[in-house]
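Subject: A structure for you to look at

Dear colleague,

I am handing over a structure that I would like you to read through alongside my notes. Please keep it open while you go through the points that follow.

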Amino acid sequence: MLGAVCLVVLLGYAYGCGQPAVPPQLHSRVVGGEDAVAHSWPWQISLQYRHSGSWSHFCGGTLIAPQWVLTAAHCISSSMTYRVALGRQDVSEADEPGSVAMAVEKIIVHEDWDSYYLINDIALVKLAEEVQETDTIRAACLPAADKTLPNNYPCYVTGWGSMRTNGPLADILQQALLPVVDYETCSSWDWWGDLVSETMVCAGGDGVVSGCNGDSGGPLNCQRDDGSWEVEGIVSFGSSQGCNVKRKPTVFTRVSAYIDWINEVGAPSSASTQGLFLPH
């Protein structure tokens, strides 16, 4: 009986993970980021907090299954009330067509999260109910456990973070090309040195393009050979000198280092890699 149930899960999804209805517009080079094509990153979510009776964007995140969102541990505070907005392009619109706002059932922060060294900067948000798959809301794939990408592999960071150091947050979802910087390079003394660990992945560092404040928790999107998209990283930290500092690439939590943890705490990482949405 269990085998039959698993077969239904694997065969019953409509589209599979990491497959947007509207393909993103990809460029060989992006300077400072650009507006994303609407709903071309349908797993990107806005983690919002309630303040003075209204909801505001606080961090990014990634939908990985119908009831689960991946984000950064440093985005989570016990003093805040959160909700998750999905299917958004413009976070300044209260009721954007194709979007939904979901209450949060629980949040699981990695038990070894270290806010001083920024190690294990990963958290899972369980939605109060499953979200339905649409053209504007779909799940990203997760990488295989312990997968690493080669130096200069092209990936994209997405989010509503600041457009420049100390600048305003973006209203329209932004995307920027950030090539991977391998661990050997990123951990060298004139890059990040021993501030980065092997459970992190660096991307960017050209002094022009980077993640910034407000992008935290959002995905590093990397395309597989079959054309689907994986979330290889979770935006964790950047330089205190500014968002665009040469040889100080954006540092992400490396998702492939936490596949076992995701499974252990109950989020269906292996199934979401196949695509877990059931038809409705």
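This is a predicted model: local features need pLDDT of at least 70, side-chain atom pairs count only at pLDDT 80 or more; totals for chains, interfaces and linings use all residues.

Residues are numbered from 1 along each chain as its sequence is written, and side-chain values use heavy atoms, with hydrogens and water left out.

Let me start with strand E7, which covers residues 123–127; strands here are DSSP runs of at least two residues, numbered from the N terminus. Five of the five residues in E7 are buried, where buried means under 20% relative accessible area, exposed means over 50%, and partly exposed lies in between (1.4 Å probe, protein chains only). Ala123, Val125 and Leu127 point one way from the strand, whereas Leu124 and Lys126 point the other way.

E7 also has strand partners, and two strands are said to pair if DSSP finds at least two bridges between them. Strand E4 (residues 68–71) runs antiparallel to E7 and is joined to it by four bridges, with Trp68 having Lys126 as its bridge partner. Strand E6 is likewise antiparallel to E7, with five bridges between them, and Val104 has Leu127 as its bridge partner.

The loop between E6 and E7 holds Glu111 and also Tyr116. Glu111 counts as exposed because its relative accessibility is 55%, and Tyr116 counts as exposed because its value is 67%.

Next come the salt bridges, of which the structure holds seven; each is a side-chain nitrogen of Lys or Arg within 4 Å of a carboxyl oxygen of Asp or Glu. In one of them, Lys147 meets Glu232, with the closest N and O atoms 3.4 Å apart. Lys147 lies in the loop between E7 and strand E8 (154–159) and Glu232 in strand E12 (residues 229–237), so the pair ties together parts that are 85 residues apart in sequence. Glu232 is buried, with a relative accessible area of 4%, while Lys147 counts as partly exposed at 28%.

Arg224 forms a salt bridge with Glu230, the closest N and O atoms being 2.6 Å apart. Lys147, Arg224, Glu230 and Glu232 are linked in a network of salt bridges.

With best wishes
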